[in-house]
Amino acid sequence: MSRTRDRNRRDGSGLTNENRGTESHHSAVPHPVMNPKESPVTLFVKDPQRTYKDLLEELKIGFVSRVVGLDKLRTKHKTFEAKRELLREADLFLVDDRVMVEVGKSIGKMWRDAKKCVPQPVSPRFLSRDRN
C-alpha cells in the first residue's frame with residue numbers, strides 16, 4: 001500500500017481524505033431555519049403523483065403545498081421559463097431520494113443558480129404508511 005493511501009486511512013473510518021466531506025450528517029437544531037407551515041413546500045416524487053397526494057392527506061401532512069411527479073416535471077415544466085417559475089413558487093424543495101438524480105437532470109443547472117433552492121432528499125420510509 002502506498003504512503004498516501006495508508007495516511008488517508010489511519011483514522012480507521014475507511015474514508016479517504018478526498019471523499020470525507022461527501023457524507024451527510026444530521027444534527028438537531030433548536031429553532032427551525034424556516035417554518036414549513038408558513039412557507040410553501042414542493043415535493044418531487046415518483047409517478048403516479050396522485051398516490052403520494054392521497055398518502056399525504058391520509059397521514060395528515062399538511063405543510064406540503066405542491067406535489068410534482070417526474071412525468072409532470074418532464075412535460076409541463078420543460079421550458080426554461082416554466083422551470084424558473086416552479087423554483088420561484090416554493091421556499092423549500094423535498095425530493096424523494098429514489099428520484100433525486102432524475103429531478104436534478106430535469107431541472108438542470110437551475111438548482112445551482114438559485115441559491116435558496118437546495119433540494120432536500122426525503123426517504124421513501126417517510127412517505128410510506130408504516131413509518132415505524
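This is a predicted model: local features need pLDDT of at least 70, side-chain atom pairs count only at pLDDT 80 or more; totals for chains, interfaces and linings use all residues.
1. Burial of β3. Strand β3 spans residues 92–96. The strand is mostly covered, with 5 of its 5 residues buried.

2. Side-chain directions in β3. In a regular strand the side chains alternate between the two faces of the sheet. In β3, L92, L94 and D96 point one way, while F93 and V95 point the other way. D96 is buried, as are L92, F93, L94 and V95.

3. Pairing with β1. Strand β1 covers residues 41–45 and runs parallel to β3, joined to that strand by 4 bridges. Within this pairing, L43 has L94 as its bridge partner.

4. Pairing with β4. Strand β4, residues 120–122, also pairs with β3 in the parallel sense, here over 3 bridges. Q120 of β4 stands opposite L94.

5. Largest nonpolar core. This core has 14 residues. The residues with the most contacts inside the core are F44, L73, V103, I107 and W111. Two or more residues come from each of α3 (70–75), α4 (80–89), β3, α5 (100–107) and α6 (110–113).

6. Surroundings of F44. With neighbours within four places in sequence left aside, F44 contacts F93, L94, V95 and D96, among others. The list also includes V68, L73, L86, V99, V103 and W111.

7. Second core. A separate core of 11 residues includes L43, Y52, V64 and V67.

Conventions
Residues are numbered from 1 along each chain as its sequence is written. Side-chain values use heavy atoms; hydrogens and water are left out. Buried means under 20% relative accessible area, exposed over 50%, partly exposed in between (1.4 Å probe, protein chains only). Two strands pair if DSSP finds at least two bridges between them. A nonpolar core is a set of buried Ala, Val, Leu, Ile, Met, Phe, Trp, Tyr and Cys residues joined through side-chain atoms within 4.5 Å. Contact means heavy atoms within 4.5 Å.
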